[in-house]
Amino acid sequence: MHIKRVIQKRCLNPLVCMDDMIKVMEEKNVGLILTGATPNGHLSISHEQDSHIIWLFAYDHDKKHESVINDKLIITHSDKVKKYDGLPITQ
Amino acid sequence: MGFGGGGSAGMTAHVHNNVPLQGGPLDFANDTIASLSAGSVTYSDGAALQELVKPAVPAGEVLTFPAAATAPSWQAAGGVSLTQHVVNLGSSFSSSSSSFVDITGLTLTASGNSGAIWTTVNLVWEQNGTGTFSYQFMDAGSAVGGFQSVYHDIVDEPSSNSASYLTTPATQIIKIQGKADSGNTFTIHASAASTWSTLQALEIG
């Protein structure tokens, strides 16, 4: 599953912005792991000033990585990823 | 000399050369007239002079003589046409994905009509931990050459990396994808005065 949001946000340092956002997402969605050796989701951000685009993924299956290209869900094999067993993800 | 003559016998057969009492040389330098269109050129078909008129709407045509042709003609100029595409990353992009994802903003659309496309990408990137970051070209939806996997041992300090590839099939959409191989997050920095994340392509017609 995934959500895409556009939020009004400015950032001077995209690395810091990304790290902060990962912490927020992992705290709000208990059990969601977005980095590390065996993630069960990932986060992508386009840091456009005042219009950050955020994609948050929580994988539905073991070994099936999910992403979106042109609003189409793309599933590829990956030995790294795990299934997310938590509640439906929220912003 | 004039052709009018004066005698009743009319003009005698003659040629145009320097022999006395012949016609004398034709003066082609803005004197001799003929029933030709402006801009046309003449050639011989072996029996008589022929006129090759200029292109109706000239567009750089060149006078050529194709193989097996019996007469010259105007043809489109040969050579190579080049079309350049430049996409500078307008907004920084970050991801924690361990599999390839599109780097939003690094996409260009080529005509697909060229014979070949030379594509090059330069990324100014960094990540929040040591390990490798990989990126690749996507060509019309499929991964193609230019795959790079680069190791980063300085945390939170930008690196610059470039790759190029040449493709010959018709190509429409060229993208760059990236992934964090070592459980990190990576960031591609937007193009600015001190950074230069860009995707460029040269279509060779």
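View 1. The model shown here is predicted. Along the principal axes, the C-alpha atoms of chain A fill a box of roughly 35 × 30 × 20 Å. Chain A holds one helix and five strands. Read from the N terminus, the order is β-α-β-β-β-β. Buried residues account for 33% of the 91 residues. Of the chain A contacts between residues at least 6 apart in sequence, 52% join residues at least 24 apart.

**View 2. The loop residue A:Gln8.** A:Gln8 sits in the loop between strand 1 (2-7) and helix 1 (14-28) of chain A. A:Gln8 has 8, so A:Gln8 is exposed. Leaving aside residues up to four places away in sequence, A:Gln8 touches A:Asp50 and A:Ser51. A:Asn40 is 32 residues from A:Gln8 along the chain, and their C-alpha atoms are separated by 27 Å.

**View 3. Chain B overall.** Chain B has 15 strands and zero helices. Its radius of gyration is 33 Å, whereas a compact globule of 205 residues would have one near 17 Å. The C-alpha trace of chain B spans about 110 × 35 × 25 Å along its principal axes. Chain B is divided into domain 1 (14-78) and domain 2 (82-204). The centres of these two domains, taken over C-alpha atoms, are separated by 56 Å. Buried residues make up 27% of chain B. Among chain B contacts with a separation of 6 or more, 64% link residues 24 or more positions apart.

**View 4. The largest nonpolar core.** This core has 22 residues. B:Ile103, B:Leu106, B:Leu123, B:Trp125, B:Ile174, B:Ile176 and B:Ile188 have the most contacts inside it. Two or more core residues come from each of strand 7 (101-109), strand 8 (116-127), strand 9 (131-139), strand 13 (173-180), strand 14 (186-188) and strand 15 (198-204) of chain B. Strand 8 of chain B gives the largest share, five residues. In soluble globular proteins, nonpolar side chains tend to be buried together.

**View 5. Around B:Ile176, and a second core.** Which residues does B:Ile176 touch, not counting residues up to four places away in sequence? They are B:Ile103, B:Leu106, B:Val121, B:Tyr135, B:Phe137 and B:Leu199. A second, separate core has 16 residues. Its members include A:Met21, A:Leu32, A:Phe57 and A:Val81.

**View 6. The contact between chain A and chain B.** Chain A gives 25 residues to the contact, and chain B gives 20. On the side of chain B that touches chain A, strand 6 (93-95) and strand 7 each supply at least two residues. Strand 7 of chain B provides the largest share of that side, four residues. By class, the side of chain B that touches chain A has 15 polar, three charged and two nonpolar residues.

**View 7. Strand pairing across the two chains.** Strand 2 (residues 41-46) of chain A and strand 6 of chain B run antiparallel. Three bridges join them. Which residue in strand 6 of chain B is the bridge partner of A:Ser46? The partner is B:Phe93.

Notes. Residues are numbered from 1 along each chain as its sequence is written. Chains are lettered from A and ligands numbered from 1 in the order in which they are written. This is a predicted model: local features need pLDDT of at least 70, side-chain atom pairs count only at pLDDT 80 or more; totals for chains, interfaces and linings use all residues. A nonpolar core is a set of buried Ala, Val, Leu, Ile, Met, Phe, Trp, Tyr and Cys residues joined through C-beta atoms within 7 Å. A residue is buried if 20 or more other C-beta atoms lie within 10 Å of its own, exposed if 12 or fewer, and partly exposed in between; C-beta atoms are placed from the backbone. Two residues are in contact if their C-beta atoms, placed from the backbone, lie within 7 Å. The radius of gyration is taken over C-alpha atoms; the globule rule is 2.2 Å times the number of residues to the power 0.38. Domain bounds come from an automatic or database domain assignment. Ala, Val, Leu, Ile, Met, Phe, Trp, Tyr, Cys and Pro count as nonpolar, Asp, Glu, Lys and Arg as charged, and the others, Gly among them, as polar. Two strands pair if DSSP finds at least two bridges between them.
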